[in-house]
Amino acid sequence: MTLNAEMLVTLADIQAARTRLNGWVARTPLIAFPNENLWLKAENLHPTGAFKLRGAFNKLLSLTADERARGVVAHSSGNHAGAVAYAARALGIPAVVVMPSGAPQTKLAATRACGAEVVLVGNASEERAAKARELAQQRGLTPVPPYDDPLIIAGAGTVGLEILEDLPTVGTVLVPVSGGGLISGVAVAIKSLRPDVRVIGVEPELAADAQASLRAGKRLAWDAAQVAHTLADGLRVTTLGELTWEHIRAHVDDIVTVSEAQMRRAVRDTALRARLIAEPSGAVTVAAALYGGYDFGPGPVVAVVSGGNLDVELLVELLGG
């Protein structure tokens, strides 16, 4: 599917999202990584531990009274699930969330704690999406997609506005890439205001479908069994969304990859040196900045730490090595 330019999210959409989110979603800080030309956009400090709260609230706050009364359904590997559950509870909206059976227990527990009904399926993103569509039709629920939705993208784009305001000298912004919602919104915000600033996506080598798509000039899909091997559970989506692909193709400068070892090291060093807990999916940007061997050019680099939700056992393992 090829979308018209008019269908893409605009700077005005993102600015409207920021106004809508005022009082619901807090601004996150930029934190300097010691002794490096690197700043961390600490999206892990949201109450749900991830940036997803921005898109979830933007979508739910835009629903009609009838849609709110009937409820919503979302599918997610974890962070979007928690965000939708949190926002739905805050707004008094019934929520059903489809999650993979292999999701981290931390993310499952957080979602259930917010009162959402959790439905478990297999680990493939296609299974989650199919089950969510089925539930939406059966129960009359409004779908809240994890990334391929203009309101979700616009909410995520508020991250880009904050980066430019807090660090006007920024040269490069590194963004984790899963389904593409976060990087789509960030890229629109930054390129609309500062086209000279580079926006670069980061993926694990084992789940690099977005990089492959950008290189090929068309949206490609990777096998679910392949992407399941990465430790970054939040980046195991097998293909970009149709809408996010169009944003990435239009606004993103490049997509780079990191190894599993580099990602593990980044989780450890972000905790011990920057005093921030980053889940592997959120630490890919730090890995690219510090250990990837990439030249991101002049100016400070901002790494978006998209989330910090990981099981304690994994954190202890990663801190140990």
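## The largest pocket

The largest pocket in this structure, which is a predicted model, has a volume of about 720 Å³. Its lining comprises 43 residues, and those nearest the centre of the pocket are His-75, Pro-146, Tyr-147, Gly-179 and Val-237. Two or more lining residues come from each of strand S3 (72-75), helix H4 (79-91), helix H6 (125-139) and helix H8 (181-193). H6 makes the greatest contribution to the lining of this pocket, with seven residues.

Sorted by class, the lining of the largest pocket holds 17 nonpolar, 18 polar and eight charged residues.

## The six-stranded sheet

Six strands are arranged as an open sheet with mixed pairing, in the order S1-S2-S10-S7-S8-S9. Strand S1 (30-32) and S9 are the edge strands, each of them pairing on one side only. On average, and with direction ignored, neighbouring strands of the sheet are turned by 30° against each other.

Strand S7 (residues 172-176) pairs with S8 in the parallel sense over five bridges. Within this part of the sheet, Leu-174 stands opposite Ile-200 in S8. The chain passes from S7 through H8 to S8 in a right-handed β-α-β crossover. H8 is also one of the elements that give two or more residues to the lining of the largest pocket.

S7 also pairs with strand S10 (residues 301-305), again in the parallel sense, over three bridges. Here the bridge partner of Val-173 is Val-302 in S10. S8 in turn pairs with strand S9 (residues 254-258) in the parallel sense over five bridges, and Val-202 has Val-256 in S9 as its bridge partner.

## Burial of S8

Strand S8 (residues 198-204) is mostly covered, with six of its seven residues buried. In the strand order of the sheet, S8 stands between S7 and S9.

Conventions:
Residues numbered from 1 in each chain as written. Predicted model: local features only at pLDDT ≥ 70, side-chain atom pairs only at ≥ 80, totals over all residues. Heavy atoms only, no water. 1 Å grid on protein atoms, 1.4 Å probe; cavity = no way out; pocket = protein on both sides within 12 Å on 5 of 7 lines; lining within 4 Å. Points joined across faces, edges and corners; volume = space filled by probe spheres on them. Helix = DSSP H or I, 4+ residues; strand = E, 2+ residues; numbered from the N terminus. Nonpolar A, V, L, I, M, F, W, Y, C, P; charged D, E, K, R; others polar. Buried < 20%, exposed > 50% of the residue type's maximum accessible area, 1.4 Å probe, protein only. Pairing = 2+ DSSP bridges. Right-handed = clockwise from strand over helix to strand, strands pointing away. Axes fitted to C-alpha atoms, helices over the stretch in contact; angles between N-to-C directions.
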